[in-house]
Amino acid sequence: MPAQLLDGKLLAERIRQELRTARTALGKAPIRLVSLEVGQNPAAAVYVRNQTRAATEVGIEMEVTNLPIGTNEAELVATIGSLNGRPEVAGILVQRPLPPGIDPRVVQSAIDPHKDVEGMHPTNMGSILYREPLLPPCTAAAAQQLILATGLDLRGAETVVVGHSEIVGKPIAILLLHRLSTVTVCHVGTKHLADHTRRADILVVAVGKAGLVHGDIVKPGACVIDVGINQGADGRIVGDVDFASASAVAGYLTPVPGGVGPVTVAMLMRNTLRAAGARV
Ligand code: NAP
């Protein structure tokens with residue numbers, strides 16, 4: 001039987017509906033999310049468009065600022081400093097990639113942790129070790145939402161995360177550990193990737209390599225979350241998982257596009273409302 005599709009667009013729509021209700025409960029005062037970008041990257045433009053659309057739908061005002069090309073790290077940090085001081089700004093988002101010479105960690109650390117809606121300030125990243133944080137990194141939170149939507153029992157489930165980046169692999173591993181999943185993290189140093197993936201009840205792949213995971217290394221019935229975004233040979237966007245072969249084996253599978261991506265944007269909106277005081 002082919003895998004059940006985990007439709008991220010549908011889940012994101014459901015989440016946005018809940019967020020609209022939470023937004024209304026916060027009253028009429030503006031809630032603003034500021035997007036900062038140095039220059040104007042065509043790849044980022046798609047994200048900004050999707051984020052703006054989701055913000056409008058939920059009732060968040062999105063302010064998009066494109067700083068001039070040539071803006072340096074100190075200038076970007078100073079801009080963040082002034083946004084930190086504006087009370088109507090609930091969240092600050094820095095679009096990537098940043099130009100060479102600007103350290104993303106310095107930039108992220110300059111954001112007031114209470115306005116760090118990407119959940120990447122060291123304070124928010126660190127608090128993941130304590131418990132599920134108020135402002136989790138959006139993509140990791142999205143992967144978790146998609147897994148929870150299956151209704152699978154995470155306690156004791158064999159979970160394998162492929163990729164150990166700060167923004168996806170590491171946080172999702174810890175979020176699922178909080179649910180008492182038995183988590184293995186694979187990366188470039190892993191000797192026999194297939195030995196791990198073949199025993200995964202839940203498999204999260206976040207690497208950025210098209211076709212890294214084929215159906216032959218997926219456990220029958222597994223829940224497979226494909227975080228990867230790559231340009232396929234024919235120019236189309238594909239994930240890290242070979243969709244055709246994996247969908248013949250897996251129990252649940254996220255499509256790319258239309259899986260983790262839309263839910264990530266919904267998590268950004270959730271974080272913004274949480275930063276503004278919503279209990280959602
Ligand atoms: P990243 O920072 O480049 O991290 C990739 C990770 O994969 C690294 O930990 C790397 O290990 C590991 N890796 C590389 N080759 C591997 C291999 N052959 N086997 C196992 N692990 C390997 O990327 P990222 O930011 O986590 O993003 C991963 C993918 O998700 C990208 O395609 C990105 O575009 C996508 N993404 C999607 C969303 C979304 O909303 N859908 C959001 C963020 C990212 P080393 O560091 O040791 O080399």
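A pocket is here an open set of grid points, over the protein atoms alone, where a 1.4 Å probe fits and where protein lies on both sides within 12 Å along at least five of seven lines. In this predicted model, the largest pocket has a volume of about 1,500 Å³.

The location of this pocket is best followed from the domains. The protein is divided into domain 1, residues 28-112, and domain 2, residues 136-261, and the C-alpha centres of domain 1 and domain 2 lie 28 Å apart. Both domains give residues to the lining of the largest pocket, so the pocket lies between them.

In total, 47 residues line the largest pocket, and those nearest its centre are Tyr-47, Thr-139, Ile-229, Gly-261 and Thr-264. Two or more lining residues come from each of helix 1 (8-25), helix 2 (42-58), strand 4 (89-94), helix 6 (138-149), strand 9 (230-231) and helix 10 (260-275). Helix 2 gives the most, with 8 residues. Sorted by class, the lining of the largest pocket holds 25 nonpolar, 14 polar and 8 charged residues.

The relative accessible area of Glu-75 is 41%, so Glu-75 counts as partly exposed, a class that runs between the cut-offs of 20% for buried and 50% for exposed. Between Glu-75 and Asn-50 there are 25 residues of separation in sequence, and their C-alpha atoms are 27 Å apart in space.

Terms used. Residues numbered from 1 in each chain as written. Predicted model: local features only at pLDDT ≥ 70, side-chain atom pairs only at ≥ 80, totals over all residues. Heavy atoms only, no water. Buried < 20%, exposed > 50% of the residue type's maximum accessible area, 1.4 Å probe, protein only. Domains from an automatic or database assignment. 1 Å grid on protein atoms, 1.4 Å probe; cavity = no way out; pocket = protein on both sides within 12 Å on 5 of 7 lines; lining within 4 Å. Points joined across faces, edges and corners; volume = space filled by probe spheres on them. Helix = DSSP H or I, 4+ residues; strand = E, 2+ residues; numbered from the N terminus. Nonpolar A, V, L, I, M, F, W, Y, C, P; charged D, E, K, R; others polar.
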